[in-house]
Amino acid sequence: MFTTKDLAYMAMMTTLIIILGFIPPIPLGFIPVPIVLQNMGIMLAALLLGGKKGSVSVLLFLLIGFFVPVFSGKATTLPVFMGPTAGYVFAWLLVPFLFALLFKLLKKQSKIIIFVLIWLVGVLLVDVFGAVWLSIHTGMPIRAALVSNLAFIPGDTIKAALATLIALKLRESYINIR
């Protein structure tokens, strides 16, 4: 079970994800999926809280979203799960769990390895899930959906790098969250 400290960390991470949703999305125009900063919060949840606590934070975010507009663009969970961004958001639930799983499987865990792992699950996996759903939802060919997601890679890579730097700095400074 979770300790009071764990619950406080999960609540703070959920709050951070919600706060990142206050930053307006940037529409791209050529696909109905905007650039948002909330996915950096998802990566931070994975990096700082690990699999179980990070996933609970993301799940709590989605549950709160049923009642309060917590997504970028002031959306709630139900319309998001019915729209073109559902694949990305569904993948967010998997990010902390898969990151923790891959992290435990590797013997060597350098800063670069941590960045590569969070990039693989927080950027690549999310973009692939998102593209598959986008293709299903809009009727766009899967190849076109995957290619259109290339527009997210540079910005999401920067977000993954920032999340990794923030998490590593917090860990080496003073916080031992896991």
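Trainee: Where is the kink in α2 centred?

Mentor: The kink is centred on G50 and amounts to about 130 degrees. Please bear in mind that this is a predicted model.

Trainee: What distance does helix α2 span between its end C-alpha atoms?

Mentor: Helix α2, residues 38–64, spans only 15 Å between those atoms. A straight helix of 27 residues would span 39 Å, at 1.5 Å a residue.

Trainee: How many residues of α2 are buried?

Mentor: Of its 27 residues, 21 are buried, so α2 is largely enclosed by the rest of the structure.

Trainee: And the nonpolar core: which residues have the most contacts inside the largest one?

Mentor: They are F61, F71, W92, F99 and I118, within a core of 45 residues. Two or more residues come from each of α1 (4–21), α2, α4 (86–105), α5 (111–138) and α7 (153–173).

Trainee: Which element gives the most to this core?

Mentor: That is α2, which contributes 12 residues. In soluble globular proteins, nonpolar side chains tend to be buried together.

Trainee: A change of topic: is A145 buried or exposed?

Mentor: A145 is buried, because its relative accessible area is 0%, and buried means under 20%. The residue lies in helix α6, residues 142–148.

Trainee: Which residues does A145 touch, leaving aside those up to four places away in sequence?

Mentor: A145 touches A131, L134, S135 and M140.

How values were computed
Residues numbered from 1 in each chain as written. Predicted model: local features only at pLDDT ≥ 70, side-chain atom pairs only at ≥ 80, totals over all residues. Heavy atoms only, no water. Helix = DSSP H or I, 4+ residues; strand = E, 2+ residues; numbered from the N terminus. Expected span 1.5 Å × (residues − 1). Bend = angle between axes of the 7 residues up to and from the residue. Buried < 20%, exposed > 50% of the residue type's maximum accessible area, 1.4 Å probe, protein only. Core = buried A, V, L, I, M, F, W, Y, C linked by side-chain atoms within 4.5 Å. Contact = heavy atoms within 4.5 Å.
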